[in-house]
Amino acid sequence: MVAPVDPPGGDPVQEPTDVKYYPSDEPVRLGLEHYNRGSYGLAQRYFKDAVEKSPKDVTAWIGLAASYDKIRRFDLADQAYAQAIRLGGVTVQILNDQGYSYMLRGNLSAARRKFEQAYSLDPGNPVIANNLELLNGSRRFIERPPNNQPSAN
């Protein structure tokens, strides 16, 4: 009987500790790709897969929440934002995203509160400044003078 010879270049079989694979990387990448293309339903599926594979991945939870916002599942978006906050704390990105979520729902005062919180933490952030400007434009658009109300007369 002959002893097996090690192949040149070392052992081709990697130990599990040698592999640096994070289970949610691929679904998160695909979720971001579809989100950026405007395919929010597909993005939601990939982000949901990511949080199922790696439930402590804050990026995946934020992506899932934003995708839910875009498909108008605000109840699920709120749950995903809450989980992201439990895992990573309140961040500028989450506050800004929650503000945008409230703006999509038409809750402009809640949106303003979230945007202002985000702005106080990062006053130089152009995305937050833009969202505040967008919110100001939205408020002006929907406000009507008192004499422009329907009358029951």
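Predicted model: local features only at pLDDT ≥ 70, side-chain atom pairs only at ≥ 80, totals over all residues.
**Stop 1**

Select residues 25–37, helix α1, and residues 40–53, helix α2. The two helices pack with their axes 8 Å apart, at an angle of about 160°. That angle is over 145 degrees, so α1 runs roughly antiparallel to α2. The crossing of α1 past α2 is left-handed.

Now show side chains at the contact. On α1, pick Pro27, Val28, Leu30, Gly31, Leu32, His34 and Tyr35. On α2, pick Tyr40, Leu42, Ala43, Tyr46, Phe47, Asp49, Ala50 and Lys53. Coloured by class, the residues of this contact come out as 11 nonpolar, two polar and two charged.

**Stop 2**

Is Gln44 buried or exposed? Its relative accessibility is 14%, under the 20% cut-off, so Gln44 counts as buried. With residues up to four places away in sequence set aside, Gln44 touches Leu64, Ser67, Tyr68 and Ile71.

Follow that list to Leu64, which sits in helix α3, residues 58–70. Leu64 is also buried, at 3% relative accessibility. Beyond its neighbours within four places in sequence, Leu64 is in contact with Gln44, Phe47, Lys48, Val51 and Ala80.

**Stop 3: salt bridges**

- Select Glu26 and Arg29, whose closest N and O atoms are 2.7 Å apart. Both residues are in α1, three residues apart, about one turn of the helix. Glu26 is partly exposed at 37% relative accessibility, and Arg29 is partly exposed at 40%.
- Select Arg37 and Glu33, bridged with closest N and O atoms at 2.8 Å. Because they are four residues apart in α1, about one helical turn separates them. Arg37 is exposed, at 57% relative accessibility, whereas Glu33 is partly exposed, at 27%.
- Select Lys53 and Asp49 in α2, four residues apart and about one turn of the helix. Their closest N and O atoms are 3.2 Å apart. Lys53 is partly exposed at 43% relative accessibility, as is Asp49 at 24%.

Finally, select Glu26, Arg29, Glu33 and Arg37 together: salt bridges with shared partners join these residues into one network.

Note on methods
Residues numbered from 1 in each chain as written. Heavy atoms only, no water. Axes fitted to C-alpha atoms, helices over the stretch in contact; angles between N-to-C directions. Parallel < 35°, antiparallel > 145°, perpendicular 65-115°, else oblique. Left-handed = near helix turned anticlockwise from the far one by under 90°. Contact = heavy atoms within 4.5 Å. Nonpolar A, V, L, I, M, F, W, Y, C, P; charged D, E, K, R; others polar. Buried < 20%, exposed > 50% of the residue type's maximum accessible area, 1.4 Å probe, protein only. Salt bridge = Lys/Arg side-chain N within 4 Å of Asp/Glu carboxyl O.
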